[in-house]
Amino acid sequence: MLVVHVHVHVKPECVEGFKQATLDNARKSVNEAGIARFDVVQQADDASRFVLIEVYRDPDAPARHKETAHYVRWRDTVAPMMAEPRTSVKFANLFPEDADW
């Protein structure tokens, strides 16, 4: 498993639009064979900050995800909403065991 945390800071006036676009993308993403989880969380003390927690079943799954129509639509929709470029951090899964996802 590959776990990716994507940190996003959006313009305050774009929070609701970002949430709508991102939840649509997440709902479609969890149906991809290569995705085990796709969580969207919003920072409690700053509503303009989000983390997308993406859990991929294999190292090639992120590239396949980025080829989907829903990802491309999300990327193009949210690009002008960004207060700063999004960043990501990749993690190796330790628990639960990969087979338990």
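Ala, Val, Leu, Ile, Met, Phe, Trp, Tyr, Cys and Pro count here as nonpolar, Asp, Glu, Lys and Arg as charged, and the others, Gly among them, as polar. The model is predicted: local features need pLDDT of at least 70, side-chain atom pairs count only at pLDDT 80 or more, and totals for chains, interfaces and linings use all residues. Residues are numbered from 1 along each chain as its sequence is written, and side-chain values use heavy atoms, without hydrogens and water.

By these classes, the lining of the largest pocket holds eight nonpolar, four polar and four charged residues. A pocket is an open set of points on a 1 Å grid over the protein atoms alone, with protein on both sides within 12 Å along at least five of seven lines; lining residues have an atom within 4 Å of a point. The space in the largest pocket is about 230 Å³, a volume filled by probe spheres set on the points. Its lining numbers 16 residues, and V4, V6, E54, K66 and S88 lie nearest the centre. At least two lining residues come from each of β1 (2–9), β3, α2 (61–65), α3 (69–78) and β4 (87–92). Helices (H or I, at least four residues) and strands (E, at least two) are DSSP runs, numbered from the N terminus.

Aromatic rings were also searched. The whole structure has three aromatic pairs. Rings of Phe, Tyr and Trp (its six-membered ring) pair if their centres lie within 6.5 Å; planes under 30 degrees apart are stacked, over 60 edge-to-face, and the rest tilted. F18 and F50 make a tilted pair, 4.7 Å centre to centre with 50 degrees between the planes. This pair links F18 in helix α1 (residues 15–29) to F50 in strand β3 (residues 49–56), 32 residues apart. F18 counts as buried because its relative accessibility is 0%; F50, at 3%, is also buried. Buried means under 20% relative accessible area, exposed over 50%, partly exposed in between (1.4 Å probe, protein chains only). Ring pairs join F18, F50, Y71 and W74 into a cluster.

Definitions and conventions:
1 Å grid on protein atoms, 1.4 Å probe; cavity = no way out; pocket = protein on both sides within 12 Å on 5 of 7 lines; lining within 4 Å.
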